[in-house]
Each structure stands twice: as C-alpha cells, then as structure tokens.
Amino acid sequence: MAPSQTLVRAAVLALTVLQALALDTFIAAVYEHAVILPRTIHKVSPDDALALMNRNMDVLEGAIKEAAQQGAHIIVTPEDGIYGWVFTRETIYPYLEDIPDPEVNWIPCTDPTRFGRAPVQERLSCMARNNSIYVVANIGDKKPCNSSDPKCPSDGRYQYNTDVVFDSEGKLVARYHKYNLFMSEANYFNYPKEPEVITFETPFGKFGIFTCFDILFREPAVVLVSELQVDTVLFPTAWMNVLPFLTAVEFHSAWAMGMGVNFLASNTHNTIMSMTGSGIYAPGGARAYYYNMKTEDGHLLIAELDSHPRLSPAFPPAVSWSSYASNVESCLPDENDFSGLIFHDRFTFTELSKPEGSVTVCQKDLRCHLSYKMAEKREDEVYVLGAFDGLHVVEGQYYLQICTLLKCKSTDLSTCGQPVETAQTKFAMFSLSGTFGTNYVFPEVLYSGVQLAPGEFEVLSDGRLQSKNGTSKPLLTVTLFGRCYEKDLPHPLRSFLFLHNKKRKQL
C-alpha cells in the first residue's frame, strides 16, 4: 500500500473514532493560582529554577487531580502560573525549555528525553496522563538562531511566552507562542514573526488558544472565532483588573457573549497586583466565575458547557449593533455635557439628573442612547451616560467605541470614570444602545461588589442591551464595549509606536 493511502486511512480512522466518542456537553475546569514567585531577581541555576517550578506544579497537580475526580475533561491553568513574572531576558532563561511542534507526536511522560531536558513538560504530560484529563499550562519556550536570521536577538535565541496543551494520554497536542506582549514582557520575550492561530480537535469540540493581552487584538483572537469557528477558547492569563470596563470577569464574560463562544479564563491570583478573576463562560453568560481581592487563596471552578454552542437552541441571534440607535434623534450641543477620564481615555458624559427618562450623548461618530428607570433615586449617588470614540494609547494602541452607564465615585462630577466597587442604587429598567461602526461589541453589566448579572439582561437583535426584570443588585456599570479592529496599525508598527511614545513620556 502506498504511504499516502496509509496516511489517509489513518486520518479517516482517527476522525471516525472522534465522531464515535463525540460528546454533546463536557465538563470544564479552570484554576486560579496564587503563584509562588522567585525569591531573587538575580539569575538562578537550572536546578533552582526547576525547584521553584515544582513547588508551583505541586499546587497545580492538586487542582488537576480534584478536577479530574469531579469529572472534568479539560483544565486551564494561568499565565505565569509556573514561575511568575519578575524577570529580565537573562534571568528567565533557566526556566525555559525547548518545546517542539506538536506534529512530532510526543508524549513527554513516556519519552521524556526525546527532545533534550524537559522536566516541566514531562511532569505536565504525566499530570494529564495519570488523571485522564486535558491539561493547559503556560511555560517558556526557547529556540536557537544565528546570524543567517536578520531578526535573531544578540544572545542567539528566541524566547517565547508559550501555552501548551496535553491530551488525556499526555500527548502534546498544541503549542502557542504569545503574539501581543504586554508592556515589560517585551524585555524578556520575543513575539513570533507571524501570528500563530492554533486549534485542535477533541471529542468535545474544536478548541483554540491564546494568552492574556491577545484578547484585545484581531490576531489571533478574532481569527480563531470568526474565521476558524472554534467552539471553545482556552485563555491562560495574568490579568490586572481595571474598573470600570476591564475587570477580568466582566470583560471576559462580555467577550464570550459578543463572540458567541465558550471561554475558559484562568487568572493568576495576586491581590497586590490586582490580579484575580477567573471564569467558565458560555455565549449566554457566565457558568461559573471567581473574583476575590480579600484573600491570597487559589480557587478551582468547574462547570458544564455545550461542546458545540453554535448548534445549541440557546445560541444568541445575530445582532445589528447600530440598528436601534441609528433611529434615535441626533445629538445637539448640551450645556450639561462634560468630559472626564476613564483609564486615560477622554469620555463625553451627561448626568442622569432625573429618576427616569431617556438621554443621548455623542462623541465623534458614536451616538449613545439610554432609556432607564431607577428603582429609587438616591441623592448621595450620581450616574452618568458616557461615550468614547477614539484611539486608546496607554498599555498599547487600539481603537475603541464605548457606550456606558456608570456610577460616579462620588457626587462630585469630576470623579465620574474613577474606579468604584460599591453602589446602593437599583434600576427598575435600563436599555442601552449605540451607533457602532464595528460588529465586535461586548455587552457588560456589573453589579456592586464586582458581581456579574448572568440571566438578568439580554441583547436584542437591533443592538439594545437591556434588563429583563430590573436589577437584583445595585448597579455599577452597563456597557457596550466596541473594538474597532479594522483601524489598528500592523502589529510591529503598533508595538514600535507604543514603545516610542512611552520613552518620550519618560524624557
């Protein structure tokens, strides 16, 4: 038999097996890990580096065993969850391993030295194999290069922030190199020359994977979902919460809803760095989530998801995001409008001065419209409607269109947009819409105490985000967070301009 025929038959057999084992639902787990950090900022030996990583993997192994015992098919662990994040290019090197392309068909647990020293991959593979569960982890990859490569770093190697996935037999089935590095990461990691769009098939759906800051950019996040049609996205992250829109549980839940995909987000836990917030999200809302800024404990989440959410009767209908607001009367200059900053972005605000009504506020091409009724108008709390249409330039450069109903920090209007975690006012109803120039809009509702509101709001096909039966808890924000990927600069140029602007501000 010709080799090509053998490969075809093997592929057909593998597909047949997957179809025979296919599951309509699966049990997902994510673990929020309080990472044990290095005790020194100086370079350590490979043995000392492995000792620290083993301490973290001891904790992760306990979570993996518990998840498997509860029937989980897959578990996601956090970005930086095995060695932390306080490094230079030299000091992180002892923590890195050479991670091969998954096409090599490798089970590190049973063949640990095939690609050189790889104790971390061996142990992760054994965790997956011994517990019959898919394991997702974030580690570091190193790849040698030389002068024949004009982009080769001066130390002769590429270093990548890397996600790995091992299947229930311990086989390496996915490797992803982070493409959009966050601020200081660029000091010790490289981004791949081309964006990697990584998918893999399981008996419980088609999966994609990317890391933390990647979520805010078209490549790879939008490509995975919109073009490759994955069912579930795996998301190791080290997310620093930024109210009122970029709190982990709030934004990740909204992203899953806006993209129509399952989303397994595993965050590191470090309250000093404002890192917390993990969740298991479906297109219809959060199935389980965790946000805790009071203690330093890790936490395991487990929930059931549809393997193919697009086929579910509960899958949300398509949304024309600007349809309703386009029919609202255009904005006229209003002396009550004022400006304020939210995470360095200058919004246009108007106060909700009455207990109920309809208000509109505009900025550039964006018109935001709100109808509302407060359950009780409190004199000690102020709410505003805000609009932002422009380029965000703080930790990166990307274009946003945002409509938001939010509580101000105090009755002083100059505090509107500042972070606030508690409120007393409930709303009998709200309906928020905007004239968005993008199809990528993420609906957020956040209650007092940084709590989500699953099942208490809906997005209509004409683009209105509205409450179902009023709010059961006091309201912090209602937001339509639009991301205009179409306007972004190409990746290397975007990175160059951000670093250039950062240096100018430091001078």
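Lys 178 sits in the loop that runs between β5 (172–177) and β6 (198–202). The model is a predicted one. With a relative accessibility of 1%, Lys 178 counts as buried, because the cut-off for that class is under 20% relative accessible area. Leaving aside residues up to four places away in sequence, Lys 178 touches Glu 79, Asn 161, Glu 185, Asn 190, Tyr 191, Pro 192, Thr 211, Cys 212, Phe 213 and Asp 214. One of these neighbours, Glu 79, is also joined to Lys 178 by a polar contact of 2.9 Å between the side chains.

Lys 178 belongs to an annotated set. The UniProt record, an unreviewed entry, places the feature "active site" at Glu 79, Lys 178 and Cys 212. These residues are spread over 134 residues of sequence, yet they cluster in space, with a largest C-alpha distance of 10.5 Å.

Glu 79 is found in the loop between β2 (74–76) and α3 (119–131). Its relative accessible area is 2%, so Glu 79 is buried. Besides the polar contact with Lys 178, the side chain of Glu 79 makes a polar contact of 2.8 Å with the side chain of Asn 161. Asn 161 is also among the residues that Lys 178 touches. Not counting residues up to four places away in sequence, the contacts of Glu 79 include Asn 138, Glu 185, Thr 211, Pro 236, Thr 237, Ala 238, Ser 266 and Thr 268. Glu 79 also touches Cys 212 and Lys 178.

Cys 212, the remaining residue of the annotated feature, is buried at 7% relative accessibility. Cys 212 is touched by Glu 79 and by Lys 178.

**Disulfides**

How many disulfides does the chain hold? The count comes to 5 disulfides, and three of them are described here. When the bonded cysteines are numbered in sequence order, the pairing is 1-2, 3-4, 5-6, 7-8, 9-10.

| Disulfide | S to S distance | Torsion about S-S | Hand |
|---|---|---|---|
| Cys 109 and Cys 126 | 2.1 Å | 100° | right-handed |
| Cys 145 and Cys 152 | 2.1 Å | 75° | right-handed |
| Cys 368 and Cys 403 | 2.0 Å | about -80° | left-handed |

In the disulfide of Cys 109 and Cys 126, Cys 109 lies in the loop between β2 and α3 and Cys 126 in helix α3, so the pair ties together parts that are 17 residues apart in sequence. The loop between β2 and α3 is also where Glu 79 is found. Cys 126 counts as buried, at 17% relative accessibility.

In the link of Cys 145 to Cys 152, Cys 145 has a relative accessible area of 17% and is buried. Cys 152 is likewise buried, with a relative accessibility of 17%.

The torsion of about -80° makes the disulfide of Cys 368 and Cys 403 left-handed. This pair links distant parts of the chain, with Cys 368 in strand β16 (residues 366–374) and Cys 403 in strand β18 (residues 398–407), 35 residues apart. Both ends are buried: Cys 368 has a relative accessibility of 0%, and Cys 403 has a relative accessible area of 0%.

Cys 484 is buried, with a relative accessible area of 4%.

**Aromatic residues**

The structure holds 35 aromatic pairs. One of the pairs is Phe 210 with Trp 255: the ring centres are 5.7 Å apart and the planes stand at 80°, so the pair is edge-to-face. Phe 210 lies in the loop between β7 (205–209) and α4 (218–227), whereas Trp 255 is in helix α5 (residues 248–259), so the pair ties together parts that are 45 residues apart in sequence. Phe 210 is buried, with a relative accessible area of 0%, and Trp 255 counts as buried at 0% relative accessibility.

A contact between a charge and a ring involves Arg 157 and Tyr 93. The charged end of Arg 157 sits over the ring of Tyr 93, at 3.9 Å from the ring centre.

Note on methods
Residues numbered from 1 in each chain as written. Predicted model: local features only at pLDDT ≥ 70, side-chain atom pairs only at ≥ 80, totals over all residues. Heavy atoms only, no water. UniProt positions renumbered as here; feature names shortened; annotations may be inferred. Helix = DSSP H or I, 4+ residues; strand = E, 2+ residues; numbered from the N terminus. Buried < 20%, exposed > 50% of the residue type's maximum accessible area, 1.4 Å probe, protein only. Contact = heavy atoms within 4.5 Å. Polar contact = N/O pair within 3.5 Å; in protein donor to acceptor, adjacent residues only side chain to side chain. Disulfide = S-S within 2.5 Å. Phe/Tyr/Trp six-rings, centres within 6.5 Å; stacked < 30°, edge-to-face > 60°. Lys NZ or Arg CZ within 6 Å of the ring centre and 35° of its normal.
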